[in-house]
Amino acid sequence: MLKAKEIEISYKRGNSVKRDRLTTSGDIFDFALKFYDENIIDYRELCYVILMNNNLRPNGWYKVSEGGLNETLVDPRMILQAALLSNSSVIILVHNHPSGAVRPSRDDDRLTERVRKVCDIMKIKLLDHVIVSTDGFYSYNDEGRL
């Protein structure tokens, strides 16, 4: 007998997501600070994906990975899985730098490029990759790097 696991998609209402459009990096930064725990943002690196519709309104967010002091392992397949399962056509990648320095590393650059390529194949728009800290943010889109 063949056994397979049932896959269930769930959405949590919990804290309602304000559905204002996210059109600037400042909007993204303000939105991202809502799901970063203030006790962890300066302690541990976490990566999230903001899942959006064509109108740039958030469907929600998904924690892709949680790491250590200066890195977290991000699998682009998990990002795309969340986008596909939530029927999102636009995504924004967000992660924090606990050090407070928001300049991207080479690993950040490589991740951005990998995610962009996979998104292109699946016709999902990677709108931005924003690195956040309690002191500010860096936007790949603002810097013309997407």
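**Group meeting talk: a walk through a predicted fold**

Among contacts in the protein between residues at least 6 apart in sequence, 65% join residues at least 24 apart. Keep that figure in mind as we go. One caution before the tour: this is a predicted model.

Start with the inventory. The protein has three helices and five strands.

In what order do the five strands lie? The order is β2-β1-β3-β4-β5. The sheet is open, and its pairing is mixed. Which strands sit at the edges? They are β2, residues 58-66, and β5, residues 136-139. Each of these two pairs on one side only. From one strand to the next, the twist averages 20°.

Strand β4 covers residues 125-133. Four bridges join β4 to β5, and the two run antiparallel. For a landmark, find I131: it stands opposite Y138 in β5.

Next, the helix pair. Helix α2 spans residues 76-85, and helix α3 spans residues 106-122. They pack at an angle of about 40°, with their axes 10 Å apart. How do we describe that arrangement? Angles under 35 degrees count as roughly parallel, and this one is about 40°. So α2 and α3 are oblique to each other. Their crossing is right-handed.

Which residues make the contact? From α2 come P76, I79, L80 and L84. From α3 come L111, R114, V115, V118, C119 and M122. Sort the residues of this contact by type, and you get nine nonpolar, no polar and one charged.

Now turn to S25. This serine lies in helix α1, which runs over residues 25-32. Is S25 buried or exposed? Its relative accessible area is 8%, so S25 is buried. What touches S25, leaving aside its neighbours within four places in sequence? The contacts are D128, F137, S139 and D142. Look also at N141. S25 and N141 are 116 residues apart in sequence. In space they are 8.0 Å apart, C-alpha to C-alpha.

Last stop: two loop residues with a backbone feature worth a look. Take N87. It is found in the loop between α2 and β3. N87 has a positive phi of about 55°, although it is not a glycine. Its relative accessibility is 68%, so N87 counts as exposed.

Then K123. That lysine lies in the loop between α3 and β4. Here phi is positive too, at about 60°, and K123 is not a glycine either. With 74% relative accessibility, K123 counts as exposed.

To recap. S25, in α1, is in contact with residues including D128 and F137. That is the tour.

Conventions
Residues numbered from 1 in each chain as written. Predicted model: local features only at pLDDT ≥ 70, side-chain atom pairs only at ≥ 80, totals over all residues. Heavy atoms only, no water. Axes fitted to C-alpha atoms, helices over the stretch in contact; angles between N-to-C directions. Parallel < 35°, antiparallel > 145°, perpendicular 65-115°, else oblique. Left-handed = near helix turned anticlockwise from the far one by under 90°. Contact = heavy atoms within 4.5 Å. Nonpolar A, V, L, I, M, F, W, Y, C, P; charged D, E, K, R; others polar. Pairing = 2+ DSSP bridges. Buried < 20%, exposed > 50% of the residue type's maximum accessible area, 1.4 Å probe, protein only.
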